[in-house]
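Subject: Structure for you to look at

Hello,

Please find the structure below, with notes on what was found in it. Have it open while you read.

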2 protein chains.
Amino acid sequence: MNVVLREVTDAHFPHPLPMRERITRVPQSKIREVANAGIGRKDILPLWFGEPDMPTPDFIIEAGKAALDARDTFYQPNAGIRPLRETIAAYMTGLYGQDFDADNIVISGSGMNALMVAAQCIIEPGDAVVTTAPSWPNLPAVQQILGAEVVTVPLEAQEKGWRLDLGRLFAACGANTRCLLLNSPNNPTGWMLTREEQQEILDFARARGIWIIADEVYARIVFDRPAAPSFAELMNEDDNILIVNSLSKSWAMTGWRLGWITAPRRFLGELEKMIEFNIACPPGFVQQAGITAIRDGEDFVAETVARYRAGGDYVYERLQEFPRVFLPKVNAAFYHFVRVDGVADSMDFAKRMVAERGVGIAPGIAFGPEGEGHFRLCFAQSRGLLEQAIDRMAPLLR
Amino acid sequence: MNVVLREVTDAHFPHPLPMRERITRVPQSKIREVANAGIGRKDILPLWFGEPDMPTPDFIIEAGKAALDARDTFYQPNAGIRPLRETIAAYMTGLYGQDFDADNIVISGSGMNALMVAAQCIIEPGDAVVTTAPSWPNLPAVQQILGAEVVTVPLEAQEKGWRLDLGRLFAACGANTRCLLLNSPNNPTGWMLTREEQQEILDFARARGIWIIADEVYARIVFDRPAAPSFAELMNEDDNILIVNSLSKSWAMTGWRLGWITAPRRFLGELEKMIEFNIACPPGFVQQAGITAIRDGEDFVAETVARYRAGGDYVYERLQEFPRVFLPKVNAAFYHFVRVDGVADSMDFAKRMVAERGVGIAPGIAFGPEGEGHFRLCFAQSRGLLEQAIDRMAPLLR
C-alpha cells in the first residue's frame with residue numbers, strides 16, 4: 001500500500017522550525033546562494049569555492065584502490081590507523097623540528113570534522129571564542145552550534161599583505177574567553193602569522209590559561225618557504241593547543257575527507273573518544289591513500305604550490321589595471337580577497353558577476369560583515385581559465 | 001634543529017585535563033578495555049564488536065573503484081549526491097509504503113555521524129533525552145557531550161524476547177524532555193518495537209511535542225520479515241522525527257562510513273547545514289558505492305540475514321546447555337545479550353573469558369548498569385567460529 005505522506009497545510013506554514021533556535025540562526029552558505037543563481041548554466045567559470053581544479057593525482061588514487069582490493073573495509077581504530085599516525089608524526093617532525101610521535105596525532109574525517117571535535121573538547125555553552133575576521137564562515141558556525149559567543153577581531157588590509165594587531169586580539173579576550181581560534185594561513189585573505197607573533201600569542205595564552213585552536217590547513221600552500229610558520233614549531237607537551245590539518249588542499253584530496261589533529265600527548269584519549277562519538281573513524285582505504293600522499297607527495301606539493309603561486313601572481317597583476325580595485329599581496333593559501341570601491345552590496349555584486357559575466361565569485365559578506373565590499377576569488381585554477389575570467393570580469397570592475 | 005618536546009614532569013601529573021569536565025566524564029569504551037586484555041594474541045575468537053566477519057562484497061568494491069577511476073575526488077553537496085538520495089528515497093518508499101523523495105533524505109558519514117548531527121539539531125544543554133537500557137554506549141554519550149540529561153528506561157528480558165513497558169517510557173518523560181531516542185532493532189538486546197507500539201509512541205510524542213530520534217541501523221537484520229517495523233511507515237511531514245540509518249550492517253560496509261537520515265522535508269535545509277559544519281560531505285566515491293549497494297544489494301542482504309539467523313539460532317540452542325545461562329529469543333540484529341547467574345562483575349568475567357578461554361565478548365556493564373551480570377556476543381560470524389567459541393566458553397558458563 002502506497003500512502004502519500006500527509007501534506008503540510010498552509011495553516012502550518014510559515015512557522016518556526018521546532019529545531020534549536022541557535023542552529024536555525026547560523027547562516028546558510030552565502031557562497032551557495034550565489035552559486036544557486038548560476039544553476040543549470042554550463043558556461044560559468046567557477047572561482048567561488050576553495051577547491052583546486054585538479055583531481056587527486058594518480059599515485060594516491062592507486063593507493064586507495066589497492067586498499068579496496070585488499071578488502072580494507074572494516075572498522076578502524078578511533079584515533080586512526082597507526083601507520084598513518086606514524087607517517088604524519090614523521091612528516092610533522094621533519095617539517096617543524098620538534099619530535100612528534102604517533103600519540104601526538106589523531107586522524108579525523110577532514111579538517112572540518114577536526115574543528116568540530118576540537119571545539120567539542122573545549123567549548124561549554126557561554127564560553128567566548130576569539131577569532132579574526134573576515135573569516136571562513138564554518139569556523140564561527142561550529143562555535144555557535146556548541147553555544148559559544150564568538151568575538152571577532154578585524155584583520156587589516158595593507159599593500160604588503162593583511163595583518164593582525166595583536167594588541168586588539170589580546171584586548172578582545174575577557175574573563176569568559178576560553179579559546180583563541182586562529183586560521184593562518186587564512187581563508188579568505190591569505191593572511192599569515194609570523195613566527196614571532198605566534199610566540200607572543202602562545203605566551204599570552206599560557207599566561208591566561210586560554211586554549212588555542214590553530215586551523216593550519218593551508219600550512220603548505222605558501223610561496224616563500226616550505227611551510228607557513230606553525231604553532232607546531234613552538235608548542236610544548238603541557239600547552240593547551242590543538243592544531244588542525246587536512247589532506248584536502250595540498251594533496252588535491254578535497255573529496256576524500258581526511259585530516260588530523262596534532263596535540264600534546266595527554267589529550268590523545270579524549271580526542272580518540274570524541275572521534276568515536278562523531279564519526280568512529282575515517283575509512284581504512286582513505287587512510288591508506290593518506291599514507292601514500294604524505295610519504296610520496298612532496299614533489300606533487302611543490303609543483304602544485306608553484307602553479308598556485310603563478311595563478312595568484314597573474315591575477316594580482318591583472319587586477320592592478322582597475323583603479324576601483326584594491327588587493328594586498330598574498331604569500332599563502334589560494335585566494336585573493338579583493339575590495340572594489342563603490343560596491344556596497346557584495347552579494348548583489350557577486351550575483352551580477354554570475355548573471356552578466358558568467359564568473360563565479362564568493363561575496364565578501366559570506367565571510368562576515370567585515371568582508372562587505374569585497375569578493376573572494378580562488379586562483380587554484382589553470383592559467384587559461386584565470387585569463388578568461390579576468391577578461392570577462394573586467395566590465396564590472398572598471 | 002630537532003628540539004625534543006619538553007617532557008611533562010611528574011609535578012604536573014596526575015592533574016585533571018583542562019578539557020570540558022563533561023566530556024572527560026563520558027566513559028571510554030569498556031569493550032575496548034576488555035579487548036586491550038587480549039592485545040597481541042592472535043588466537044582470540046572475536047565476538048566482541050558489532051561487525052560482521054565478511055568484507056564488503058565485490059560488486060560494491062568495484063563501484064567504489066570505478067568512481068575513483070572516474071576521478072570522483074572533489075567536494076560533493078552537503079546533503080549528499082542527488083542520485084544517492086534518490087536511490088535511497090526509492091528504497092525507503094518500496095520498503096515502507098510511503099512516498100519519500102530525495103528531499104526526505106540527507107546523506108551522512110555513518111550512522112554515528114547522523115546521530116551526532118540529529119542531536120545537534122535538537123538538544124540544548126539541560127534538555128532531557130529519554131532512552132532505553134541496556135544501550136549501545138554511543139547513544140547516551142552523544143547526548144552527554146551536548147549537555148543533555150539522559151534518562152533510561154530498562155528493557156525487560158522474557159523468554160520470548162526483550163520488551164519495553166510503554167507506560168514506564170511515557171512516565172519517564174517530564175517537562176524538560178526534548179526527545180525520545182529509540183534504537184529498534186536494538187543493540188545489544190535484539191529488542192524490537194512492534195508497529196502498534198511505534199504508533200502509540202508517535203501519538204504520545206505528537207501530543208506532548210516531543211522529538212523522536214529513531215536509530216534504525218539494524219532495520220534489515222530481522223529474521224521473520226523483510227524489514228523491522230519502522231517509524232518510516234507511520235511518520236507524517238509535520239512530525240518532529242529523524243530516522244537514522246546506515247550502510248554498515250546490512251551491506252557489510254562498516255569501514256566505508258556511510259549513512260543517512262530520513263526526515264520530513266521541512267528539515268532538509270537545517271540538516272544539510274549541520275552536515276556541512278560536521279563533515280561537509282562523505283566522499284563522492286563512497287556515495288557512488290552506496291548507490292550500487294542499495295540498488296543491487298537485495299540478494300546480498302537476503303543471504304547475509306539468512307546467515308546471521310542461522311548463527312543466532314545455533315548459539316541460542318548451544319547456550320541452552322548451561323543452567324546458569326539465560327537469554328531471550330531474538331528476531332533481529334546480530335547479538336545475544338546473555339545473563340549468567342552468579343556473575344556479579346561482567347568486566348571481570350569478560351576479561352577472564354579472554355585470558356583463560358581466548359574468546360572476546362563484550363561485558364554487560366559496557367551497556368550501562370542495567371547490563372551488569374550479562375555479556376554481549378555478536379553472532380554475525382561463520383558457523384565454524386561460533387562452534388569453536390561456544391566450546392571454548394563452556395567451562396566458564398557451567
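In chain A, α12(A) passes α13(A) in a right-handed crossing, where right-handed means that the near helix is turned clockwise from the far one by less than a right angle, and left-handed anticlockwise. Elements here are DSSP runs numbered from the N terminus: helices are H or I with at least four residues, strands E with at least two. The contact is made by F349(A), R352(A), M353(A), E356(A) and R357(A) on the α12(A) side, and by R392(A), M393(A), P395(A), L396(A) and L397(A) on the α13(A) side; contact means heavy atoms within 4.5 Å. By class these residues are six nonpolar, no polar and four charged. Nonpolar covers Ala, Val, Leu, Ile, Met, Phe, Trp, Tyr, Cys and Pro, charged covers Asp, Glu, Lys and Arg, and the others, Gly among them, count as polar.

Before the rest, the conventions. This is a predicted model, in which local features need pLDDT of at least 70 and side-chain atom pairs count only at pLDDT 80 or more, while totals for chains, interfaces and linings use all residues. Residues are numbered from 1 along each chain as its sequence is written, chains are lettered from A and ligands numbered from 1 in the order in which they are written, and side-chain values use heavy atoms, with hydrogens and water left out.

Back to the helix pair: α12 (residues 346-357) and α13 (residues 383-397) of chain A pack at an angle of about 125°, with their axes 10 Å apart. That angle makes α12(A) oblique to α13(A). Axes are lines fitted to C-alpha atoms, for helices over the stretch in contact, and angles run from 0 to 180 degrees between N-to-C directions. Angles under 35 degrees count as roughly parallel, over 145 as roughly antiparallel, 65 to 115 as roughly perpendicular and the rest as oblique.

Chain B has a helix pair to set beside this. Helices α5 (residues 111-122) and α9 (residues 268-278) of chain B pack at an angle of about 120°, and their axes are 10 Å apart. α5(B) is therefore oblique to α9(B), and the crossing is right-handed. From α5(B) the contact takes N113(B), M116(B), V117(B), Q120(B) and C121(B), and from α9(B) it takes L271(B), M274(B), I275(B) and N278(B). Six of these residues are nonpolar, three are polar and none is charged.

α9(B) is largely enclosed by the rest of the structure, because ten of its eleven residues are buried. Buried means under 20% relative accessible area, exposed over 50%, and partly exposed in between (1.4 Å probe, protein chains only). Among the buried residues of α9(B) are E270(B), E272(B), K273(B) and E276(B). A280(B) follows α9(B) and has a positive phi, near 70°.

Next, the backbone. Most residues other than glycine have a negative phi, and most peptide bonds are trans. S110(B) has a positive phi of about 105° although it is not a glycine. S110(B) sits in the loop between β2 (105-108) and α5 of chain B and, at 1% relative accessibility, counts as buried. In chain A, the phi of A252(A) is positive, near 50°. A252(A) is in the loop between β9 (241-246) and β10 (259-262) and is buried at 4% relative accessibility.

There are cis peptide bonds to check as well. The bond from N187(A) to P188(A) is cis, with omega near 20°, and P188(A) lies in the loop between β7 (177-183) and α8 (195-208) of chain A. The bond from A133(B) to P134(B) is cis, with omega near 0°; P134(B) is in the loop between β3 (128-133) and α6 (138-145) of chain B.

Q287(A) is in helix α10 (residues 284-296) and counts as buried at 0% relative accessibility. Its side chain reaches the backbone nitrogen of I81(A) at 2.8 Å, and a polar atom of that side chain lies 3.0 Å from the backbone oxygen of P282(A). S230(A), in the loop between β8 (211-215) and β9, is buried at 1% relative accessibility. The side chains of S230(A) and E216(A) are joined by a polar contact of 2.6 Å. A polar contact is a pair of N or O atoms within 3.5 Å; within protein, one must be able to donate a hydrogen and the other to accept it, and residues adjacent in sequence count only if both atoms are side-chain atoms.

Regards
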